[in-house]
Amino acid sequence: MRKHIKGNVSWVGYIDWELESFHGDDYSIMNGSSQNAYLIEEEKTVLIDTVWTPHREDFVENLKKEIDLKKIDFIVANHGECDHSGSLVALMEEIPGTPIYCTANAVKSLEGQYGKRGWDLHVVKTGDRISIGNGKELVFIEMRMLHWPDSMATYMTGDNILFSNDAFGQHYAVAELFNDKADRCTLYKEAEKYFANILNPFAQVLAKKLEEIKGFGLDIDMIAPSHGAIWREDPMQIVEKYAVWANAYQEDQITIAYDTMWEGTAQIAHRIAQEIHTQSPDTVVKVFNIAKADKNEVMTEIFRSKAIAVGSPTVCNGILSSVAGWMEFVRQLKFRNKKAAAFGCYGWSGESVKILQEQLSKAGFTVVEENIKSLWNPDEETLAAVPALVSALIG
């Protein structure tokens, strides 16, 4: 079912109420999501993006109810990832000669995923324009590495809508579609989680792109992303947030993350938390067991933090597998301007703290020298080193 957006623009996407995970199982969904596709009906009829492959039949059938598919003059594929392009194969079987406008890298990703099907692919780059009639144009803006090499945004003149694809979105199901109709707390929580877990690795690229877009002098009255709420009330608020988040963001917060075998490492984690509160009562402290906590929620807290402490006991000359996999995800997200410390228990050889320090350093953290390395369960003599570790993280 189409929903009116503005002027002659409609939403024709899919609200995914039951979705629980994304990117395989790498991203947790707590409040549903949506795949947003848009239909423009000026003198030219244009479809911007489609929806995820599992919903392709519903998408095509619903679109047929709204419009004669043969009236679609062309399709804009802002991004080749299958949550946006997944219905193209089914749609193009219905209208095989319809032109598709996309970046050069999107040609590679579309043909790489779906094969060379003889589609009429038109390559566009930043600044290219195409008239859609009634004095309006679509202007293309490459958004390379936000978050794939093929990504772009499309700006519609006249109605001043930025179809931003994966930028400025959230995994959040909003039946009413718009930011002013959504719960503001949930909206911003999901927007920040999305940034921290998906876009933060490209924060420096994003900062430059925001400046580039600002230099275009575009009047933006609405930002229509590919997931979640459409920003129609004060749309630039999310652009301003992105500018802040992209600048090595941190708050007065320290996050402690650990896993434990026989609770010794957990005891250290809890003592560190107590000491942070003692030394700096205004600092927010968050503590998570890595094996039990949702990793995307934890990464959002790390994104907010000025420092972290990570703990694992030594297991077979290494660290727990739960912590090892989690640390790889930390490395991928490329956090900047944050301190880190390591701690853990051991019974035999005791390598975990050194391994964690090396991995945290490789992940871009400034690792403090102070650490807690406890033979067996920590006693008060061992825990006496906690204040110095906390002081190093706070200072």
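Predicted model: local features only at pLDDT ≥ 70, side-chain atom pairs only at ≥ 80, totals over all residues.
Helix H4, formed by residues 104–114, lies across both S10 and S11, and its direction makes an angle of about 150° with that of S11.

S10 and S11 belong to an open sheet of 7 strands, whose order is S1-S2-S7-S8-S9-S10-S11 and whose pairing is mixed. The edges of this sheet are taken by strand S1 (3–6) and strand S11 (121–123), each of which has a single partner strand, so that one side of each is left without a neighbour in the sheet. When direction is ignored, neighbouring strands of the sheet are turned against each other by 30° on average.

The packing of helices can be considered next. Two packed helices are described by the angle between their axes and the distance between the axes. For helix H5 (residues 184–199) and helix H9 (residues 295–304), the axes come within 9 Å and cross at roughly 85°. Angles of 65 to 115 degrees count as roughly perpendicular, and H5 and H9 are therefore roughly perpendicular to each other. On the side of H5, the contact is made by Lys 189, Glu 192, Lys 193, Phe 195, Ala 196 and Asn 197, while H9 contributes Asn 296, Glu 297, Met 299, Thr 300, Phe 303 and Arg 304. By class, the residues of this contact divide into 4 nonpolar, 3 polar and 5 charged.

Attention now turns to the spaces left between the atoms. Rolling a probe the size of a water molecule over the atoms shows where empty space is left. The largest pocket holds about 360 Å³ of space. Its lining consists of 18 residues, and those that lie nearest the centre of the pocket are Met 261, Trp 262, Thr 314, Tyr 346 and Gly 347. At least two residues of this lining are supplied by each of helix H8 (264–279), strand S20 (314–315) and strand S22 (339–346). In terms of class, the lining of the largest pocket has 9 nonpolar, 8 polar and 1 charged residues.

The second largest pocket has a volume of about 310 Å³. This pocket is lined by 14 residues, of which Leu 210, Glu 211, Lys 214, Met 236 and Val 239 are the closest to its centre. Helix H6 (203–216) and helix H7 (236–245) are the elements that give two or more residues to this lining, and the largest share, 5 residues, comes from H6. The lining of the second largest pocket divides into 10 nonpolar, 1 polar and 3 charged residues.

The largest cavity has a volume of about 60 Å³, and the residues that line it include Asn 200, Ala 203, Trp 245, Tyr 249, Lys 334 and Arg 336. Phe 303, which takes part in the contact of H9 with H5, is also one of the residues lining the largest cavity. By class, this lining has 7 nonpolar, 1 polar and 3 charged residues.

The second largest cavity contains about 30 Å³ of space. Trp 11, Ser 34, Asn 36, Tyr 172, Val 174, Leu 177, Gly 228 and Ala 229 form its lining, which has 5 nonpolar, 3 polar and no charged residues.

How values were computed. Residues numbered from 1 in each chain as written. Heavy atoms only, no water. 1 Å grid on protein atoms, 1.4 Å probe; cavity = no way out; pocket = protein on both sides within 12 Å on 5 of 7 lines; lining within 4 Å. Points joined across faces, edges and corners; volume = space filled by probe spheres on them. Helix = DSSP H or I, 4+ residues; strand = E, 2+ residues; numbered from the N terminus. Nonpolar A, V, L, I, M, F, W, Y, C, P; charged D, E, K, R; others polar. Pairing = 2+ DSSP bridges. Axes fitted to C-alpha atoms, helices over the stretch in contact; angles between N-to-C directions. Contact = heavy atoms within 4.5 Å. Parallel < 35°, antiparallel > 145°, perpendicular 65-115°, else oblique.
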